[in-house]
Amino acid sequence: MSKGNRIKHTFRLPPDLSRQLADYAGRKRVSQASVVEAAVSSFLSPDGSERMEAAFSRRLDRISRQLDKLDYHVEVGNEAIALFVRFWLGVTPSMPDEPSTVARAAGEKRFQSFVGALAKRVERGQRLSSDIMQDSN
């Protein structure tokens with residue numbers, strides 16, 4: 001921002017924006033004209049907008065890759081659950097209309113065991129995808 005020759009510009013600002021400008025200039029202890037000059041210069045600077053666009057582009061690319069990875073893992077999880085349910089339904093005999101207390105208790109015990117095993121895997125950071133990759137090698 002050159003301090004040489006200057007051209008005078010007259011423009012109007014909405015009252016709220018004018019107050020924000022005055023407050024900002026007062027806090028920074030600079031003139032309102034220098035704040036406006038810096039803002040206009042930054043707004044019109046091709047380098048600034050190109051840098052910002054490049055940064056947004058990189059960020060969007062990273063988010064896109066993360067979403068693709070998340071989509072893959074959700075799909076694998078859904079397929080694993082569907083495969084298990086299909087297998088379980090195929091091998092588990094149906095229960096009588098009035099299941100016995102013993103059968104209910106055994107089912108609850110097996111479920112609690114499943115929840116405990118799942119909690120341990122999550123705590124250790126174990127993942128099904130890692131197990132699948134190890135099993136396939």
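Rings of Phe, Tyr and Trp (its six-membered ring) count as an aromatic pair if their centres lie within 6.5 Å, and such a pair is called stacked when the planes are under 30 degrees apart, edge-to-face when they are over 60 degrees apart, and tilted otherwise. The structure holds one aromatic pair, formed by Phe-111 and Phe-114, whose rings are tilted, at 6.4 Å centre to centre and with 35 degrees between the planes. This is a predicted model, in which local features need pLDDT of at least 70 and side-chain atom pairs count only at pLDDT 80 or more, while totals for chains, interfaces and linings use all residues. Residues are numbered from 1 along each chain as its sequence is written, and side-chain values use heavy atoms, with hydrogens and water left out.

Confidence is expressed as pLDDT, the predictor's confidence in each residue, from 0 to 100; the protein averages 83, and 92% of the residues score at least 70.

Phe-111 counts as partly exposed because its relative accessibility is 46%, the classes being buried under 20% relative accessible area, exposed over 50% and partly exposed in between, with a 1.4 Å probe and protein chains only. Helix H4 (residues 101-124) has 24 residues and spans 35 Å from its first C-alpha to its last, close to the expected 34 Å, a figure defined as 1.5 Å times one less than the number of residues. After H4 comes Gly-125, with a positive phi near 80 degrees.

H1, with 14 residues, reaches 20 Å from first to last C-alpha, close to the 20 Å expected. Arg-29 is found in the loop between helix H1 (15-28) and helix H2 (32-44), and its phi is near 60 degrees, a positive value in a residue other than glycine. Most residues other than glycine have a negative phi. Arg-29 counts as exposed because its relative accessibility is 77%.

From H2 comes the largest share of the lining of the second largest pocket, seven residues. Of the 17 residues that line this pocket, Ile-7, His-9, Ala-33, Val-36 and Glu-37 are the closest to its centre.

Definitions and conventions. Helices (H or I, at least four residues) and strands (E, at least two) are DSSP runs, numbered from the N terminus. On a 1 Å grid over the protein atoms alone, a cavity is a set of points where a 1.4 Å probe fits but cannot get out, and a pocket is an open set with protein on both sides within 12 Å along at least five of seven lines; lining residues have an atom within 4 Å of a point.
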